[in-house]
Amino acid sequence: MPKYYEDKEEDGRACSGVREDLRQCLLESPCVLQENKSPKQCLREGHCRSLQVTFFACKRSMRLSLVQEPLTSLLGVPT
């Protein structure tokens, strides 16, 4: 489940809260704890899939906003 990090210092990167939830999910998964696999390998096997999808959707939205902003200024469209 996603967690709220009230006392955690913001790291300044995009989507840091979802990134931290994904990291924790993988580190606490049976794949890592019981099967002794790496978090990267567990991610490839589909563990914590919903958080992975959410994280990539967040990153994608950040990239789209970076691309759209210069386009609107070039076209003279008010934001």
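The disulfide between C15 and C58 is left-handed, with -95° about the S-S bond. Its sulfur atoms lie 1.8 Å apart. Here a disulfide is a pair of cysteine sulfur atoms within 2.5 Å. C15 sits in the segment before α1 and C58 in helix α4, so the pair ties together parts that are 43 residues apart in sequence. Helices are DSSP runs of H or I with at least four residues, numbered from the N terminus. C15 is buried, at 11% relative accessible area, whereas C58 is partly exposed at 23%. Buried means under 20% relative accessible area, exposed means over 50%, and partly exposed lies in between, with a 1.4 Å probe and protein chains only.

This is a predicted model: local features need pLDDT of at least 70, side-chain atom pairs count only at pLDDT 80 or more, and totals for chains, interfaces and linings use all residues. Residues are numbered from 1 along each chain as its sequence is written, and side-chain values use heavy atoms, with hydrogens and water left out.

How many disulfides are there by this rule? The count is three. A disulfide is a covalent bond between the sulfur atoms of two cysteines. C25 pairs with C48, sulfur to sulfur 2.0 Å. This link is also left-handed, at -95° about the S-S bond. C25 belongs to helix α1, and C48 to the loop between α3 (39-44) and α4, 23 residues apart. C25 is partly exposed, with 27% relative accessibility. C48 is buried, at 14%.

Next comes the pair C31 and C42, with 2.0 Å from S to S. The angle about its S-S bond is -90°, and the link is left-handed. C31 lies in helix α2 and C42 in helix α3, so this bond ties together parts 11 residues apart in sequence. Both ends are buried: C31 has 1% relative accessibility, and C42 has 0%. Count the bonded cysteines along the chain, and the pattern reads 1-6, 2-5, 3-4.

The largest nonpolar core has nine residues: C15, L22, L26, C31, V32, C42, C48, L51 and F55. Helices α1 (16-27), α2 (30-33) and α4 (49-75) each supply at least two of its residues. A nonpolar core is a set of buried Ala, Val, Leu, Ile, Met, Phe, Trp, Tyr and Cys residues joined through side-chain atoms within 4.5 Å. What does V32 touch, not counting residues up to four places away in sequence? Its partners are L26, L27, K37, S38, P39 and C42. A contact means heavy atoms within 4.5 Å.

Side chains of opposite charge can pair when their charged atoms come close. The structure holds three salt bridges. Each is a side-chain nitrogen of Lys or Arg within 4 Å of a carboxyl oxygen of Asp or Glu. K37 bridges to E35, with the closest N and O atoms 3.2 Å apart. K37 also meets E45, at 3.0 Å from N to O. Together, E35, K37 and E45 are linked in a network of salt bridges. K37 is partly exposed at 25% relative accessible area. E35 is partly exposed at 46%, and E45 is partly exposed at 42%.

The other bridge joins E20 and R23, with the closest N and O atoms 3.2 Å apart. These two are three residues apart in helix α1, so about one helical turn separates them. E20 is buried, at 15% relative accessibility. R23 is partly exposed, at 43%.
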